[in-house]
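Subject: Structure handover and findings

Dear colleague,

Please find the structure below, handed over for your review. My notes on it follow.

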Amino acid sequence: MAKETNSKPNRSLSGLEVKPVYTPEDLANTDFVRDLGQPGEFPFTRGPYPNMYLGRLWTRRQIAGFGTAQATNERYRFLLDHGQNGISTDFDHPTLTGYDSDHDLAEGEVGRLGVAIDSVQDMDDLFLDIPLDKVSVSLTINHPAIVLMGMFLSVSEKRGVDWKALRGTVQNDSLKEFHGQKTFALGPGPSLKLTTDIVEFCTKQVPNWYTISISGYHIRESGSDAIQELAFTIAQGMAYVESALERGLPVDSFAPRLSFFFGCHNDVFEEVAKFRAARRMWARIMKERYNAQKPESMRLRFHTQTLGSTLMRQDPQNNIARGTLQALAAVLGGTQSLHVSGFDEAFDIPSEEAMRMSLATQLILSHESGVTNTVDPMAGSYFMESMTNDIEEAAWEYISKIEALGEGQYQIKSGLLHAIDTGYIELEIARSAYEYQLKIESGEQVVVGLNQYQSESNQKLELFQFDPEEEEWQKGRLAEIRGGRSPADVKSALASLKQDAQDDKNLMPAVLAAVGAMATEGEILDTMRDIYGEYVDPGVF
Amino acid sequence: MTQQTNIKVLLAKIGLDGHDRGIKVIARAMRDAGMEVVYMGMRVTPDQIAQTALQEDVDVVGISILSGAHMRLIPRLTKALQEREISNDILLMVGGTIPEDDVEPLHELGVQGVFPVGSFTTSMTEFITENISRGRSAPQA
C-alpha cells in the first residue's frame, strides 16, 4: 500500500509498527486452523484450556513477605481471608542470595523486602496453620531454590502431608538471575545444574509440583521491551528443557510441570499479543523441536505480575489505573494467575491497604467487567492477530541469534550460557532501559503525572511500616537454632553434600538431610560456593 | 563557567539489593554527558566504596539502593568516607526507593543529592555540573 502521509507510523511500546487501520489483507498469510486452532488445542494460541475462565477463574496470587516468618504468616492469613486463593512467598535479599541473617552483607536487609528464612524452623513458622495439601504455594527463590524446596518438603513430611499432594511452584529460574532480578549466588553452569536437580527430583517424587517458573517478569522490570522479554524467556525455557534432556529425562515426564511468569506493561494490545505469541511459540517448539507427544507438554501456562517499574511516585493513585490496565491485558491474554502490584510500591513494599486494592482490582475484573464471559475475546481481530504474528517474528530473531552462539546437540542451552557469559543479554536489556528513559525525559513517551499533566496535589500515603526490631529478633533466633542442634550432625551433613557435589550427583537428597540436621541456608550455600565458586557481578552497563 | 568534561563519578550498589536497572541507566547517561564513570556493580560494602573513591580520586559518589536499607547503610558509608578524610572532597548522591521522610535525615548525614525513583538523569547530571562548577571539588584552575 502506498504511503499516504508523511507522518511517522505509530509504534507499540516495544517499537513494533502499528498501522492506522488493519484489514483482512493483513492476515492473508494467517491460517486460522494452523496458527490459532481452538482454545485448549495445539498450538494453544487461544489458551491452554478449552473453557478458560468459564471453567475456573485465574488464581489471585498476591506475593507477600516481610520481617520474620511469624509476621508474614499473619499477612498470608489476612490475604486468604480477603479473597486470595494461593500463596506466593517473597524472600528477603539475604535469603534470595543465600546468606544467613547474621552475615555482614545482610545488615539492614533482614526481613526488609521479604521474609527472612534461615532454617527449616522458619519455614515451619511461615506456614503455620496453612494446610499445605490445600493451598497452592509459590516459592519465589532461585539459586538457593534447592535449599528452600528442601525445607518445604521437610516441613510437609513432618506434618504428614504426602509430597504427591503438594501443589505449587518453585521459581527455580537460575539463568534469568544474570540479567534480571540479580539475586545470583553461583555461576551460570552450576546454578543450571541445581535447577535441573530440582526438575529431576520433583518429576519423580513431587509429581504435582511446578518445577520451574520460567520468568520474563524480572527481565522486563530490568528494562527490557516486550520482544526481549518474550525471546529471552522462551530461550531460558528451551535451555532448561535441553538440560533435562541431557540428564536423560524423557521430555513428556517433566515438560508438563514447567510454567511461565511474565510481566505486564501498559500497552494493552502488545501485551495480549505477547501472551498469545508465547503460547504458540512454546507449543511449536515443544512439539517440533523436542518431540513432545503429550499436549500438556506443549501448552504454556503462566502467572502475571503487573510491573512495579511502571508505578510512579507522582500522584500514586494513578497507579491503580495502571494496575487495572495491566491486569486487564493479562486476563485478555489468558493468564492462569495474577499479582497486581501495590499502587504505593514506588515508596516501599506495599501496605495492607494497597494489597486490598490490588485484590479488589482482580475481583472487579472477574465479576464486573464481563471480560471473562467468553474465551480469548481478542481472537480474530485483524490488529491483534497481526500484532501476535509480529511480536513472534521479532522474538524469533533474538532466539536465532542465541542459537547461533551455541553449538552441539543442546545448542540453545550452549548459546544462552555463552550469551550470558559475554554480557550480550544484559547489554541488550540495558540498552532498552536507557532508550525508554530517554523517551520519558524528552517527553516522547508521556507518563501522566511525571512528564505531563503534573498535579499539585501531594497526598501523603500511609506506607508500610517496617519494624527494625525484626532483624534483631531473627538474628537471636538464628543463634538459638545454631546453639540447639548437634554440631557433629551438621558437619557430617555438609560433608556429604560436598561429596555429592564433587561426585556430580543430584544434590536434593543431601540438601534434605542437611536441612533436617538444622543446617542453615547460608551454611548450605557456603558449601556450594566452596565447590562451585561465587558469582560476582561483572558490572557491565 | 567552563564546561567540565573531566568529572569522574563512582557508582555502586550497596548491600545485597539486586535492582540495578536505574543505576545502569544513570551510568550511561553520565557517560553520554561526558563524565568518566567507574561502576563497581552490586553487593559492594561501604568500605569498598570509600576505598575505591580514594584510590580513583573521584569527584562524585553515587549510590543506588532500592531495598529500604539506606538508613542503615548510608551512615556506614559516610563514616567510611570521613575516616579516609575525603568526605569534603566528594559530592555524595543517593538514589532509589527513598521515602519522603528519609530525605532530610540523609541530607543531615552528608548526602548532598537525594534522587528518588522516577528522577530524571538530566536532573542528576545538572546537579553534578552545578555543584562541581561551584568549586566543590573542581580541579585547580
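**A helix crossing in chain A**

In this predicted model, helix H6 (residues 145-158) of chain A and helix H20 (residues 508-516) of chain A have axes that come within 9 Å and cross at roughly 65°. The crossing of H6(A) with H20(A) is right-handed. On the H6(A) side, the contact is formed by A:Ile146, A:Val147, A:Gly150, A:Met151, A:Leu153 and A:Ser154. H20(A) contributes A:Met508, A:Val511, A:Leu512, A:Val515 and A:Gly516. Sorted by class, this contact comprises 8 nonpolar and 3 polar residues, with no charged residues.

**Helix H16 of chain A**

Which residues of helix H16 (residues 411-421) of chain A are buried? They are A:Ile412, A:Lys413, A:Gly415, A:Leu416, A:Leu417, A:Ala419 and A:Ile420. Please note that a lysine, A:Lys413, is listed among them. After H16(A) comes A:Gly423, which has a positive phi, near 80°.

**The sheet of chain B**

Chain B contains an open sheet of 5 strands, in the order E2-E1-E3-E4-E5, and the pairing is parallel. Its edges are strand E2 (36-39) and strand E5 (113-116) of chain B, each of which pairs on one side only. From one strand to the next, the twist averages 20°.

Within this sheet, strand E1 (residues 8-13) and strand E3 (residues 60-65) of chain B run parallel and are joined by 5 bridges. In that pair, B:Leu10 stands opposite B:Val61 of E3(B). Helix H2 (residues 46-56) of chain B lies across E1, E2 and E3 of chain B, and its direction is at about 165° to E1(B).

**The contact between the chains**

How many residues does each chain bring to the contact between chain A and chain B? Chain A supplies 35 residues and chain B supplies 28 residues. On the side of chain B that touches chain A, helix H1 (21-32), helix H3 (70-83) and helix H5 (121-133) of chain B each provide at least two residues. H1(B) gives the most to this side, with 5 residues. By class, the side of chain B that touches chain A consists of 12 nonpolar, 9 polar and 7 charged residues.

Yours sincerely

How values were computed:
Residues are numbered from 1 along each chain as its sequence is written. Chains are lettered from A and ligands numbered from 1 in the order in which they are written. This is a predicted model: local features need pLDDT of at least 70, side-chain atom pairs count only at pLDDT 80 or more; totals for chains, interfaces and linings use all residues. Axes are lines fitted to C-alpha atoms, for helices over the stretch in contact, and angles run from 0 to 180 degrees between N-to-C directions. Helices (H or I, at least four residues) and strands (E, at least two) are DSSP runs, numbered from the N terminus. A crossing is left-handed if the near helix is turned anticlockwise from the far one by less than a right angle, and right-handed if clockwise. Two residues are in contact if their C-beta atoms, placed from the backbone, lie within 7 Å. Ala, Val, Leu, Ile, Met, Phe, Trp, Tyr, Cys and Pro count as nonpolar, Asp, Glu, Lys and Arg as charged, and the others, Gly among them, as polar. A residue is buried if 20 or more other C-beta atoms lie within 10 Å of its own, exposed if 12 or fewer, and partly exposed in between; C-beta atoms are placed from the backbone. Two strands pair if DSSP finds at least two bridges between them.
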